[in-house]
Amino acid sequence: AFEDNWPATGDYDLNDLVVKYKYTAVSNAANAVVELVGDYDVAASGASFKNGFGVEFPFSPAQVSQVTGHKVTGSYVKLASNGTEEGQPKAVIIPFDDQNNVIKNPDGFPQVNTVMDKEKVSGEAIQVTVKFTSPIASSALGTVPFNPFLISNGIRGYEIHLPGYKPTAKGDVSVFGTGADNSSVTGNRYYLTNQNWPWALNFTEQFQYPKEFTRISDAYLHFLDWARSGGTSYSDWYKNTATGYRNTSNVYTK
């Protein structure tokens, strides 16, 4: 779940791009991985920007023989002949470079699946297959969710990653420390405000994101407690397990 206004916090509803994902590793008889399949389903696009979505993996692009299934239609992302992004020391896959080509309202209304009085729509399922030049050990794949990021409004350097995750080689680090961003390369601190607010979140289960123009802290009442603590307090802030955790009227429930 992403907020696309980095390095500003914007409306801070973290619903500008919500992507559900699943990875399947296909192994040979020796239990080495021959291909990796990523399934991506855009659940919401509460954005007027044209945002892309990428994933950086820990293995080299030279280990990839072919990438298929991605939906790259614009000119700001340059792909190598094997389908990985050009100029990256680690393999970077771009499942799509514009969410409007994956999910949209029939009437053209920009915010998708974030406004309660609009009909819920389904997007195009994107399945990306990464085939390896030679089988690799499963340990070389790294761990899910790998390093997913949003590319904000077609500006390639404006990468928005999960807190603590480094940008790719194409990320514009000159933006660090501007606006509300409190990232520091020397301090090994990335994509957090000075109060530890992130611009992206990852969940291992279903997440009911806020409605459009609703700050996440107005939907999830312990979110800021969790963020300020660096994740040590209220680690279950997104669940509805106790009274006072959630303002359901501010949550998108369709």
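Modeller: Two strands pair if DSSP finds at least two bridges between them; helices (H or I, at least four residues) and strands (E, at least two) are DSSP runs numbered from the N terminus. This is a predicted model, where local features need pLDDT of at least 70, side-chain atom pairs count only at pLDDT 80 or more, and totals for chains, interfaces and linings use all residues. Residues are numbered from 1 along each chain as its sequence is written, and side-chain values use heavy atoms, with hydrogens and water left out.

Colleague: In what order do the 4 strands of the open sheet lie?

Modeller: Strands of a sheet pair through backbone hydrogen bonds, either parallel or antiparallel. Here the order is β1-β2-β6-β4, with antiparallel pairing. β1 (18-27) and β4 (64-68) are the edge strands, each pairing on one side only. Between β2 (residues 33-44) and β6 (residues 126-136) there are 7 bridges, and G38 has V128 in β6 as its bridge partner.

Colleague: Which strands pair with β7?

Modeller: β3 pairs with β7 over 5 bridges in the antiparallel sense, and V55 stands opposite P148 in β7. On β8 (residues 159-161), β7 has an antiparallel pairing over 3 bridges, where E159 is the bridge partner of I151.

Colleague: Why is β7 largely enclosed by the rest of the structure?

Modeller: Buried means under 20% relative accessible area, exposed over 50%, and partly exposed in between (1.4 Å probe, protein chains only). Strand β7 (residues 147-151) is largely enclosed because 5 of its 5 residues are buried. N147, F149 and I151 point one way, while P148 and L150 point the other way.

Colleague: Where is N51, and is N51 buried or exposed?

Modeller: N51 sits in the loop between β2 and β3 (52-56), and is buried at a relative accessible area of 0%. Contact means heavy atoms within 4.5 Å; leaving aside neighbours within four places in sequence, the contacts of N51 include D16, F96, L150 and I151. A polar contact is a pair of N or O atoms within 3.5 Å; within protein, one must be able to donate a hydrogen and the other to accept it, and residues adjacent in sequence count only if both atoms are side-chain atoms. The side chains of N51 and D4 make one of 3.0 Å.

Colleague: Which strand gives the largest share of the lining of the largest pocket?

Modeller: β1 does, with 5 residues. β1, β2 and β3 each supply at least two residues of that lining.
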